[in-house]
Amino acid sequence: MINLELPKKLRASANQAHQVAQEIFRPISRKYDLAEHEYPVELDTMAAMVEGLADSGTQDISGATGGRKAEAGAEAANGHATELLGNTNGGNMSALMNALETSWGDVGLMLSIPYQGLGNAAIAAVATDEQLSRFGKVWAAMAITEPSFGSDSAAVSTTAVLDGDEWVLNGTKIFVTAGSRATHIVVWATVDKSAGRAAIKSFVVPRDAPGLTVARLEHKLGIKASDTAELRLEDCRIPKDNILGSPEVNVEKGFAGVMQTFDNTRPLVAGMAIGVGRAALEELRKVLSDAGVEIDYDKPANDQHAAAAEFLRMEADWEAAYLLALRAAWMADNKKPNSLQASMSKAKAGRMGTDVTLKAVELAGTIGYSQRSLLEKWSRDSKILDIFEGTQQIQQLIVARRVLGLGSDKLK
């Protein structure tokens, strides 16, 4: 028999995250939605609290060292780290639940929490032990997308050239979440354009590195509390050992090392969509109840009010997304390859999130479309969760390749 109940430790962590969402995020959610690019100072107190809990060992965090084994093998020490975020059983699951609960409060604020950036997951996925000791407690954003491409990560054109004891980076990165606030940026760049995707590596670039500048901040549809930046690297110099993992170009392996990051982050993004979706369902249920619409689980959907039937459909869709995300996180925690499941969970949750939040706006009528509730905001916030970390279409393509056993050269 499969037990889908969260263990006591994870329930405690999720409850703490929910309290943060309820007591800190929800009260300031509209404030920072209307004050785009203004830094949420309330998060500094929360970040200090999370750091204290992590240091005391009472809470797992989803940063660079969250879930990573303290003792690494000799391979990691030699620059061939293969540990995934969350190999100590529960790290990925804890991160997933924290992302879900805090996104229930406000996904833009969740993405703005200091020292909890997506770049931290990249560091955890492929960093050596020595790099973890240096970058384990930084605030790391992730810079992949460029003006010339969106979801095709293999098309990276930013270059990294070794010059003595330093890497020199040149290129432009766009849509970098927390790009202007983070202390470090994990930048994807190629060390040899002629070698194709195998030469794409990730580099940890300090925010104050010479040659790294913020060109502009984007004005966005949603997640306005989070800063989204365009970064320019012009002869940007960083230390030689700031390349994550091995600097060797392995044509057979391709760029599996950097892509390994997505196996960790895609379930987290799924968790964000699940959190927003749950918030919308809960709010919609209140609106329907106030309007006299009863949702009855003992009656067939076709025997109920049309709005109740639609609610039951969306709730079932939400449950499916939740279970897929749990599976992907569990597999990562137990050292099982989860690329297929990570993409499945992200695709399902991203589509569910946009469907549920938009339908909630529709069914709630004037309440849903106005700023009297947060429903319209959640519908705007949810759209990015179906786009970043790989669009809906890219996830479906990855799933098809894995299921059919076809490579990227056979199925495009």
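Ala178 sits in the loop between β3 and β4 (184-190). Helices (H or I, at least four residues) and strands (E, at least two) are DSSP runs, numbered from the N terminus. The model is predicted, so local features need pLDDT of at least 70 and side-chain atom pairs count only at pLDDT 80 or more, while totals for chains, interfaces and linings use all residues. Residues are numbered from 1 along each chain as its sequence is written, and side-chain values use heavy atoms, with hydrogens and water left out.

**Positive phi**

Ala178 has a phi near 65 degrees, a positive value in a residue other than glycine. Most residues other than glycine have a negative phi. Ala178 is buried, at a relative accessible area of 3%. Buried means under 20% relative accessible area, exposed means over 50%, and partly exposed lies in between (1.4 Å probe, protein chains only). Lys335 also has a positive phi, near 60 degrees. Lys335 is in the loop between α9 (306-333) and α10.

**The chain overall**

The protein chain has 13 helices and seven strands. Of its 412 residues, 57% count as buried. Contact means heavy atoms within 4.5 Å. Among contacts in the chain with a separation of 6 or more, 74% are between residues 24 or more positions apart.

Helix α6 is largely enclosed by the rest of the structure, because nine of its nine residues are buried. Those residues are Leu118, Gly119, Asn120, Ala121, Ala122, Ile123, Ala124, Ala125 and Val126.

**Aromatic pairs**

The structure holds four aromatic pairs. Rings of Phe, Tyr and Trp (its six-membered ring) pair if their centres lie within 6.5 Å; planes under 30 degrees apart count as stacked, over 60 as edge-to-face and the rest as tilted.

One of the pairs is Tyr115 with Trp139. Their ring centres are 6.1 Å apart, and the planes stand at 50 degrees, a tilted arrangement. The pair links distant parts of the chain, 24 residues apart. Tyr115 is in the loop between α5 (107-110) and α6 (118-126). Trp139 is in the loop between α7 (129-135) and β1 (140-143).

Another pair is Trp167 with Phe203. Here the centres are 5.2 Å apart and the planes are at 70 degrees, so the pair is edge-to-face. This pair also links distant parts of the chain: Trp167 is in strand β3 (residues 166-177), Phe203 is in strand β5 (residues 200-206), and they are 36 residues apart.

| Residue | Relative accessible area | Class |
|---|---|---|
| Tyr115 | 37% | partly exposed |
| Trp139 | 5% | buried |
| Trp167 | 7% | buried |
| Phe203 | 0% | buried |

Two packed helices are described by the angle between their axes and the distance between the axes. Axes are lines fitted to C-alpha atoms, for helices over the stretch in contact, and angles run from 0 to 180 degrees between N-to-C directions. Angles under 35 degrees count as roughly parallel, over 145 as roughly antiparallel, 65 to 115 as roughly perpendicular and the rest as oblique.

Helix α1 (residues 8-34) packs on α4 at about 25 degrees, with the axes 7 Å apart. The two are therefore roughly parallel. Their crossing is right-handed. A crossing is right-handed if the near helix is turned clockwise from the far one by less than a right angle, and left-handed if anticlockwise. From α1, the contact residues include Leu10, Phe25 and Arg26. From α4, they include Met93, Met97 and Trp104. The contact residues divide into eight nonpolar, eight polar and two charged. Ala, Val, Leu, Ile, Met, Phe, Trp, Tyr, Cys and Pro count as nonpolar, Asp, Glu, Lys and Arg as charged, and the others, Gly among them, as polar.

Glu101 lies in helix α4 (residues 91-105). Is Glu101 buried or exposed? Glu101 counts as buried, at 8% relative accessibility. Leaving aside residues up to four places away in sequence, Glu101 touches Ala14, Ala17, His18, Ala21 and Arg278. Glu101 and Gln19 are 82 residues apart in sequence, yet 8.6 Å apart in space, C-alpha to C-alpha.

**Helices α10 and α12**

The axes of α10 (residues 339-363) and α12 (residues 375-384) come within 8 Å and cross at roughly 160 degrees. That makes the two helices roughly antiparallel. The crossing is left-handed. Gly353, Thr354, Thr357, Leu358, Ala360 and Val361 in α10 meet Leu375, Glu376, Trp378, Ser379, Ser382 and Lys383 in α12. This contact comprises five nonpolar, five polar and two charged residues.
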